[in-house]
Structure formats: structure tokens, C-alpha cells
Amino acid sequence: MRETQENRLDRPTVALRLRRAAARVDAATPPGRDRAVDALRALAILGVVLGHWLVTALVADGGALRAASPLGSMPWLAPVSWMFQTLAVFFMVGGHAATRSLASARARGGTYGAWLSARMSRLFVPVAAVLTVWAVAAAGLLLGGASFVTVHTVVKLALSPLWFLLVFAVLTAATPWLERLNPLWPLAVVLHVDLVRFGLGGPSWLGWVNLAAGWLVPYTLGAAWTRGELERPRAGWTLLVGGAAVAAVLVGWAGYPASMVGVPGAAVSNLDPPTLAAVAFGLAQCGLALLLRERLRRAMTRPPLWAAVAVLNLSAMTVFLWHQTAMMATTATGLFAGRLPGLHTLPDGLDWVAWRLVWLPVFVAVLAVCRAAFHSCERGPRRRTGGASRVVRVHRGRPDPAGVKAARNA
């Protein structure tokens, strides 16, 4: 018994083991890596996930589930969408990372085809797992007697993140032709499309031009970052103040919706497709992100913070693709216990908001299960050499299991 107690005392605590693992990840990170880029990507992913979980509801209506949003009945919650609609930052970071990665591949003598193949496999291999699971789930639900309305609702919500990947993939493939494009050109396209669509009564389908042009603005902004054109604080302040002012004018006096995400039943959506208000707001967010870079670099020198950011970046695709599934799996399972508040009830009051906050840890836990099951799809084939996407590297000295694992998954 005494020996057992002594062994227990000698064992490191969970907190100590976590600190040691964080220190190993920190030590395994290349010295020249700009950790602020990874921090911004992690913040953008968290914003998208929390935004979807907070403004999307599945309401049990008779024998079916239908989509709803608290922003429909509580429009004064629109600032929530301002905090968590962070796709513009993700596109800016993506443009910056892609142009840097392409330049690095060229310097090593690599071809555009090999570079594009590697990036596309990282994007679309995990998608195959999502499509397979939901194809089987949809068939099972229909055969099990679920209504078509329910199946259509849950499948649409589960696969809605894929539109982002399609646009991102197109822009990534076009990187060699976009790396020198001034962001003002796609911004001018968005302006003229909205002018014709809303000001001159043009056809509504014209708005879909902005699906490419709208996200091209922050993507080319990321390329400008790579070119060194956004290093001065003046660039960040110009984007922040100018974008916020234009977005405020458009919402306050031009009739654009205050919500920066789509609201079921609304006549106009700022996001589907992107409007000038959403693009202007995205520029403001990008400006704020640029101003925060130096503070993020200092914060990322703390091993625990950096380890958390590194782990999230290594699982970014898995988290993005499966977070809606985690929410819907929780919702569907909860139906066995009846209509649960914040999960199946109409999002029409602050009580729903309070209950939804209670459900967030459950969503996180289910997402962790999805991450454990499907993260191997994101890792893809092992590579002998790393590129700009590598978060940490392997030290050549003493074996470092945590560092090796993180490097292989990068």
C-alpha cells in the first residue's frame, strides 16, 4: 500500500502533463513561423462555429424539425452576428497562407499542379467522409419514417458549410492569377452588382456574382498582406474605420439588414449571397485583425495558448465540417427525452438564449467525438517535407512524441 501511495505521489498531475505537452509543442514550432496567422485562423473558425450554434435552431413542430433563428424574433440580437460572422478574416488568412505557400513551392522548384493537388486534397478528402455519413444518415432517416421536411432541413444545415469550401477551392486554384490583384477591383464589382440589384431593380440572380466577388475581396487582401502592403497600422485603421462606417451607413440609411448572417424568412440576406454591407463589415473585421497581429504574436509566446491554437489549426477542417453535425446529433438524440428548452423550442425569448448557452458544452463534447472519429481524414498522406502550412516540426535531437505527432498532423 505504501509503495502504491508513493507511486501515485510521483505521478505528474493532469495540469503538469498538459503544461509539459504544451512546452513540447512550443519547442517543436519553427522559430520563423508567424503565430499570429494561426491565431487569426483559429479565432475565425471559433467565430463560425459559435455563430452557427447560437443563431441556428431546430424547432420540433409536430412530427418534423424545421430551421429557425433567434434573430427572426429578436432582431435586437443582431450584434451577435457581428461578433461571430468571421468568414472574411478566414478568407484573408487563407489568401495570405495560399500566396505564401505558392511562393515557397516555387522557391523549392515545385510545380503549380503539385502545389494545387496537395491543397485540394487537404480540402476535399475530409468532405468525402461528411458526404458519405450524411448520405447513409439521410437514407436511414427516410427508411425509418422521418418526414422529408425533417431530412431536408437537417441535411441542408449539415452540408451548408460546403458552399464555403467550393468558393475557397476556386479562389485557391486561381491564386497564381490573384496574387497581384488589387482588392479594389472585386470591391467595385460588389458595389455595381448591389447598385443594379437594389438601386435599379435588377434581377435577384445577379447577386450570385457576389458569391465569388464578395469573398475575393478579403482573399486578395490576404495576398496584399503577403506582398507587405498591410504592415503599417495605417492600413488596419483605414480598413477598420472605413469598413465600419460604410456598413453603418448601408444598414442605417440604405435598408440593408442589420444581421450579417441569413435569417430564415427575411427578404434580403447579407450573406447568401454577400452584399456590399457584408463585404464592408468584413473589411472592418480584417482591419481589426491586422491591428491585433502584434498582440497575438506576443500572446502566442505563452506555450499553453500556442498549444491550444496549434491543436485547433491541425483540426480546422474537421471542426468546420462537423460542427453542424454535432449540433444536430445532440438535437436528434434529445428528442427521445421530449421537447427540450433551447434545443427544440422556438427561439423567441431570452430563456431560449440562456438554455442554448447551457447546451454549448454538450455540442463541444459531441464535436470532440466527431473529431476523434474523422480527424484522420484531414491529416491525409504523410509528407516528407513541410511547407507553410506546417504548424510545428520535428526536432532532430531527443525523441519528442508530442512534437512528432503534432508535426505529422500539420
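Modeller: Helices α3 and α17 can be called roughly parallel to each other, and I will set out the grounds for that as you ask. This is a predicted model, in which local features need pLDDT of at least 70 and side-chain atom pairs count only at pLDDT 80 or more, whereas totals for chains, interfaces and linings use all residues. Residues are numbered from 1 along each chain as its sequence is written, and side-chain values use heavy atoms, with hydrogens and water left out.

Biologist: What makes α3 and α17 roughly parallel?

Modeller: The axes of α3 (residues 35–55) and α17 (residues 316–334) come within 10 Å and cross at roughly 5°. Angles under 35 degrees count as roughly parallel, over 145 as roughly antiparallel, 65 to 115 as roughly perpendicular and the rest as oblique, and the pair is therefore roughly parallel.

Biologist: Which residues make the contact of α3 with α17?

Modeller: Taking contact as heavy atoms within 4.5 Å, I45, V48, V49, H52 and W53 of α3 meet A316, V319, F320, H323, Q324 and M327 of α17. These residues divide into eight nonpolar, three polar and no charged, where Ala, Val, Leu, Ile, Met, Phe, Trp, Tyr, Cys and Pro count as nonpolar, Asp, Glu, Lys and Arg as charged, and the others, Gly among them, as polar.

Biologist: How do you know that the buried residues of α11 line one face of the helix?

Modeller: Buried means under 20% relative accessible area, exposed over 50%, and partly exposed in between, with a 1.4 Å probe and protein chains only; in α11, P186, V190, V193, D194 and R197 are buried. Seen down the axis of α11, these residues fall within an arc of 95° (taken from the directions from the helix axis to the C-beta atoms), so they line one face. On the other side of α11, L184, W185 and G199 are exposed.

Biologist: What covers the buried residues of α11?

Modeller: The cover includes α12 (210–226) and α14 (276–291).

Definitions and conventions: Axes are lines fitted to C-alpha atoms, for helices over the stretch in contact, and angles run from 0 to 180 degrees between N-to-C directions. Helices (H or I, at least four residues) and strands (E, at least two) are DSSP runs, numbered from the N terminus.
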